[in-house]
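Dear colleague,

I am handing over the structure below, and my notes on it follow directly after. Please read them with the coordinates open beside you.

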Amino acid sequence: MPTNVERPASDTHDWVSIGFHWATVLLLLVVFTLALFPGIVKGSTAVHMTLGLLFLIVIPARGIWRLFRATAPNRSNEPRLSRLAATSVHLLLYALLILIPLLGWVYADARGIELSPLGIEMPRLADFDRGYARSVYFWKKWAAYSLLGLIFCHASAAIFYHHFLKNDGVLRSMLPLPSHGLASGWPAHAGQRDRDVILGQSQT
Ligand code: HEM
């Protein structure tokens, strides 16, 4: 039975999730630029490696936040296929953002490149071996360009499908706009039943 309990007005992600999202975008932009234009600054490879390794902290932290604390918009009205596609792409993005830095780390060790981000001594993941380094670099490069392709699909879906075609607020929910707040949206772990109970639509 519906009651006068109102659904939260803004259906958005929380500030921490938005911060993680745009910090990841910015970090990726810098990491790719330094890799593709190594002459752009002195020591670009060292900065590329240090910032690249940061993903090994940022991505697990983002995953933990998403699992336990994040608030997320209610997407239950979206077609199943669209939700499945979005979830698959997100999982693949997270997987690549962990895999690529690990491959970079192994590559640096196998190639004998000094790896001490901010003076921190890193454990060795591989012994010096040029042949091994070459094949690891090959896979790292493919993983990095696949990541670029996937980011293109992800951003295109948000801009063209969700914003221009459906205008369903999905893009806006991840933008740092003033209507966002921790109290808005739904806990990501809340099921439809929780939402129905909060809205007073439960049959029990
Ligand atoms: C998400 C993180 C990362 C991304 C997206 C990324 C991406 C790339 C790309 C696109 C290239 C150029 C590939 C080519 O066309 O040859 C590259 C090169 C390279 N990457 Fe990464 N990388 C990441 C993390 C790392 C990490 C953590 C390390 C080492 C600890 C590393 C070490 C290197 C090295 C040594 C090169 C060669 C750079 C040069 O020739 O100056 N990368 N990376």
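To begin with a term used throughout, a residue is called buried if 20 or more other C-beta atoms lie within 10 Å of its own, exposed if 12 or fewer do, and partly exposed in between, with the C-beta atoms placed from the backbone. This is a predicted model, in which local features need a pLDDT of at least 70 and side-chain atom pairs count only at pLDDT 80 or more, while totals for chains, interfaces and linings use all residues. Residues are numbered from 1 along each chain as its sequence is written.

On confidence, pLDDT is the predictor's own score for each residue, from 0 to 100, and the protein chain averages 85, with 82% of the residues scoring at least 70. Among the elements, α1 has the highest mean pLDDT (97), and helix α5 (residues 192-198) has the lowest (41). The pLDDT stays under 50 over residues 1-10, for which the model has 14 contacts beyond four places in sequence, a contact being a pair of residues whose C-beta atoms, placed from the backbone, lie within 7 Å. Over residues 181-204 the pLDDT is also below 50, and this stretch has 39 contacts in the model beyond near neighbours in sequence. Where pLDDT is low, the predicted coordinates should not be read in detail.

As to the fold, the protein chain has five helices and two strands, taken as DSSP runs numbered from the N terminus (H or I over at least four residues for helices, E over at least two for strands). Read along the sequence, these elements follow the pattern α-α-β-α-α-β-α. Of the 204 residues, 19% count as buried, and among contacts between residues at least 6 apart in sequence, 73% join residues at least 24 apart.

Helix α2 (residues 44-68) has 25 residues and should span 36 Å at 1.5 Å a residue, which agrees with the 36 Å between its end C-alpha atoms; the expected span is 1.5 Å times one less than the number of residues. The buried residues of α2 are H48, M49, G52, L53, F55 and R62, and what covers them includes α1 (15-36) and α3 (80-111).

Two of these residues return at the ligand, since M49 and G52 are, with A35, P101 and G104, those that come nearest among the 22 residues around the ligand, where a residue is near if its C-beta atom, placed from the backbone, lies within 6 Å. The helices α1, α2, α3 and α4 (130-166) each supply at least two residues of this shell, and the largest share, seven residues, comes from α3. By type, the shell divides into 17 nonpolar, four polar and one charged residue, with Ala, Val, Leu, Ile, Met, Phe, Trp, Tyr, Cys and Pro counted as nonpolar, Asp, Glu, Lys and Arg as charged, and the others, Gly among them, as polar.

Leaving aside neighbours within four places in sequence, A108 is in contact with M49, I113 and L115.

Elsewhere in α3, I98 counts as partly exposed, with 14 C-beta neighbours inside 10 Å. Apart from neighbours within four places in sequence, I98 is in contact with L56 and I59, and the C-alpha atoms of I98 and P60, 38 residues apart in sequence, lie 8.5 Å apart in space.

L118, in the loop between α3 and α4, has a phi near 50 degrees, a positive value in a residue other than glycine, and is exposed, with 6 other C-beta atoms within 10 Å. N167, in the loop between α4 and β2 (186-187), likewise has a positive phi, near 45 degrees, and is exposed, with 10 other C-beta atoms within 10 Å.

With best regards

Note on methods: Contact = placed C-beta atoms within 7 Å.
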